[in-house]
Amino acid sequence: MSIPIPCRQLFIDGEWREPIKKNRIPIINPSTEEIIGEIPAATAEDVELAVGAARQALKRNKGRDWAATSGAHRARYLRAIAAKISEKRDYFVKLETMDSGKPLDEVMLDIDDVSTCFEYFAGQAKALDTKQKYPVKLPMERFKSHVLRQPIGVVGLISPWNYPLLMATWKIAPALAAGCTAVLKPSELASVTCLEFGEVCNEVGLPPGVLNILTGLGPDAGAPLVSHPDVDKVAFTGSSATGSKVMASAAQLVKPVTLELGGKSPIVVFEDVDLDVAAEWTIFGCFWTNGQICSATSRLLVHESIAAEFVDKLVKWSEKIKISDPFEEGCRLGPVISKNQYDKIMKYISTAKSEGATILFGGSRPEHLKKGYFIEPTIITDISTSMQIWKEEVFGPVLCVKTFSTEDEAIELANDTEYGLAAAVLSKDLDRCERVTKALEVGAVWVNCSQPCFCHAPWGGVKRSGFGRELGEWGIENYLNIKQVTSDISNEPWGWYKSP
């Protein structure tokens with residue numbers, strides 16, 4: 001089912017432009033380890049051009065071409081993008097499956113979500129029109145006040161490789177809905193569908209410069225984008241370490257940032273669950289997206305009274321997971337993204353073993369797959385909270401198991417982490433679920449499930465998982481400047497000073 005990878009340039013001001021330094025980066029298929037194409041490698045010189053194009057698009061015709069148009073006008077473009085993505089669905093699915101190594105069935109859902117997200121934020125753009133001049137009640141009748149919601153300006157968008165086009169969309173759609181212009185820098189490990197999105201922009205007639213797309217390495221393209229004085233805001237999704245650098249760089253110009261960073265999310269399983277239902281949600285919460293998901297519920301806390309039986313269920317469920325080329329029917333676990341990521345995950349597993357943990361299931365390359373960056377779904381027990389595998393984000397199909405005896409102990413263990421992105425709680429006692437939900441120090445909680453995510457609900461974390469919220473009506477606020485306008489509606493003099 002593979003198809004040729006298109007050879008694209010950088011997408012700047014509505015045109016395909018060769019990088020100034022003419023550098024390119026090879027694309028490696030993680031399933032075969034073969035080079036299947038290449039992407040352009042932007043540098044600071046290209047960032048300068050892209051930011052300039054975005055600034056010009058923002059100001060063109062005094063903003064009347066984009067930034068100062070009605071939300072309804074921008075919504076028409078977003079809906080056209082949604083329709084075009086749906087039309088090209090199979091093409092985008094095949095490209096992203098090859099580029100990322102995610103199972104085909106997962107990528108189908110991701111690309112469908114791209115269309116849904118653009119359609120949703122088209123509605124949010126239109127709703128902005130009804131929120132303009134929102135009245136503010138004042139204690140003095142002499143004055144009248146209202147609020148304007150205006151685009152924050154040119155935004156730099158930096159997206160990760162685990163959901164290549166979808167997580168780029170989480171930023172692009174609300175930014176454009178708000179009236180911003182943007183420069184997108186996707187991860188160099190999976191950029192193909194993001195580059196192809198430039199062609200979609202041209203096909204729907206998006207004004208030149210409204211969205212610019214630069215592929216390249218983080219230090220060469222991402223860093224200059226973050227520090228550029230004409231970029232008014234940065235939205236970043238990636239590792240906590242890189243997020244800290246983004247925040248520090250943006251702070252030099254007091255530039256606002258939204259950060260969605262790493263996680264080490266807990267899933268708490270109480271003794272009253274249906275074991276099979278809970279087992280499936282537990283492995284889905286950790287092994288979905290090949291385990292490469294920032295919100296992966298990779299720390300299992302299970303009540304001691306059911307632990308042995310439940311872990312046995314997990315092993316039996318994991319044995320049934322089909323690990324294969326992502327294009328094979330029924331594939332549920334593909335390769336991780338790169339050789340570096342493969343080596344990093346295997347190092348985590350070996351370190352856990354050396355620290356005294358038990359690799360109960362998996363932990364190796366599948367015997368039937370000699371090539372590709374494949375790792376078996378892995379379940380690790382005999383965990384102590386001081387172990388590296390318990391504390392650090394692995395970003396691979398690795399589940400750690402620890403028991404608890406009381407609700408309070410479960411909450412304490414769940415919150416004993418520097419991260420705070422997401423968590424799950426599984427129990428038939430809904431009052432208990434509500435208590436635990438309130439006590440968990442995270443940005444999202446799943447009750448009796450793990451990982452469902454919808455563009456209608458807010459997304460983001462606390463602690464070292466970042467701050468700010470994407471998606472939902474909250475997502476568009478990231479890209480808006482809230483302006484107070486207060487008028488004196490009296491004809492009487494103010495009278496504070498004596499008249500001359």
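Leaving aside its neighbours within four places in sequence, Arg8 is in contact (heavy atoms within 4.5 Å) with Trp16, Arg24, Pro40, Leu195, Glu196 and Glu199. Arg8 itself sits in the segment before β1 (10-12); helices (H or I, at least four residues) and strands (E, at least two) are DSSP runs, numbered from the N terminus. With Glu196, Arg8 makes a polar contact between side chains, at 2.6 Å. A polar contact is a pair of N or O atoms within 3.5 Å; within protein, one must be able to donate a hydrogen and the other to accept it, and residues adjacent in sequence count only if both atoms are side-chain atoms.

The model described here is predicted: local features need pLDDT of at least 70, side-chain atom pairs count only at pLDDT 80 or more, and totals for chains, interfaces and linings use all residues. Residues are numbered from 1 along each chain as its sequence is written, and side-chain values use heavy atoms, with hydrogens and water left out.

Stepping back to the whole chain, an automatic or database domain assignment divides the protein into domain 1 (10-261 + 465-485) and domain 2 (266-447). Their meeting place takes 27 residues from domain 1 and 28 residues from domain 2. The C-alpha centres of the two domains are 31 Å apart. The size of an interface is often given as the accessible area lost when the parts come together. Here the buried area (accessible area, 1.4 Å probe, lost on putting two parts together and summed over both) is about 2300 Å², with 60% of it given by carbon and sulfur atoms.

Salt bridges (a side-chain nitrogen of Lys or Arg within 4 Å of a carboxyl oxygen of Asp or Glu) come to 30 by this rule. One of the salt bridges joins Glu119 and Arg79, at 2.8 Å from N to O. Glu119 belongs to helix α4 and Arg79 to helix α2 (residues 71-87), so this pair ties together parts 40 residues apart in sequence.

Across the interface of domain 1 and domain 2, the rule finds one salt bridge. Asp105 and Arg332 form a salt bridge too, with their closest N and O atoms 2.9 Å apart. On the side of domain 1 that touches domain 2, α3 (89-100) and α4 (104-131) are the elements giving two or more residues, and α3 provides the largest share, five residues.
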